[in-house]
Amino acid sequence: MFLKMRSILPILFVIAFLSSCSEYQKVLKNEDVKPKYDLAQKYYDAEDYKRAKRLYEQIAPKYVGKPQGERVMFFFANTYFKTKDYYLSGYQFERFVKSYPKSDKIQEASFLGAQSYYELSPEYSLDQTDTDKALAKLQTFINTYPESEYFEEANKMAKELTTKKEKKQIEVAKQFNKLGQFNYPILVSAMTALDNFISDNPGSIYREEALYYRIEAATSLALNSTRNRKKERLEDAQDAYNTLMRYFPESQFKKKADDLSSKIQKELSQYSDSK
């Protein structure tokens, strides 16, 4: 009996599946909105977001301005989010927030809209336009809903995206520094990029790295300068070294920084000897 039931179960599953598909196709082609609304809700509750989304796409415009419109629009936006269509979920949640500012779902919709852009944020080496959008949305949410249950998660996301942008900035500056070893005028761009990074990101995890590469760039530029600019640039490089040591006396770059400082001091001593 048990074996017989085991052989029947797959058949029953197939029948149920085909019946479900038949119902879905029938309602999808039906012009009547109510059956689509009911079936969309059924699929949504069952976490079949792909089919629910297709039905909500058809009925959402019909519920604009109606009592059920708020419910339909939120679920519609969330089906995009659940199926990882983040561009459209971000757009639909924005529409929801604008259309229903007094909704009980306003905090959740605002957060999920921001999270949609967070999910779109690419690797640090790529264009960060979506990262900027996500940070703006997250910051708006954080400022608007400081007591929200999503507050900590929003802060965590914002911190992660900020670190990603800092990573891109420091890598660009390091690339300038690397290119500058073969084209010394580029070292000026490297130092400007590093100075901006240090100034704009005082709490960055990459601050120590930026301070070290500032020494490296300044030293290379000084050592390859004409005599009338050399002393001033050597002093600037030494100042950069002193700054690193002041903030990070046990820096992971200490040995390399000390070696550069020795070169700087050796060159500067020539000016003292020539007096």
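Mentor: Begin with burial: of the 275 residues in the chain, 42% are buried (under 20% relative accessible area, with exposed over 50% and partly exposed in between, for a 1.4 Å probe and protein chains only). The model is predicted, so local features need pLDDT of at least 70 and side-chain atom pairs pLDDT 80 or more, while totals for chains, interfaces and linings use all residues. Residues are numbered from 1 along each chain as its sequence is written, and side-chain values use heavy atoms, with hydrogens and water left out.

Trainee: How many helices and strands are in the chain?

Mentor: Helices (H or I, at least four residues) and strands (E, at least two) are DSSP runs, numbered from the N terminus. Here there are 12 helices and zero strands.

Trainee: Which residues have the most contacts inside the largest nonpolar core?

Mentor: A nonpolar core is a set of buried Ala, Val, Leu, Ile, Met, Phe, Trp, Tyr and Cys residues joined through side-chain atoms within 4.5 Å. The largest has 44 residues, and Y56, V72, F74, F93, F111 and L138 have the most contacts inside it. Another core, of 18 residues, lies apart from it and includes L194 and Y213.

Trainee: What does V72 touch?

Mentor: Contact means heavy atoms within 4.5 Å. Leaving aside residues up to four places away in sequence, V72 touches Y37, Y56, I59, A60 and Y63.

Trainee: How is contact range read along the sequence?

Mentor: Among contacts between residues at least 6 apart in sequence, 54% join residues at least 24 apart.
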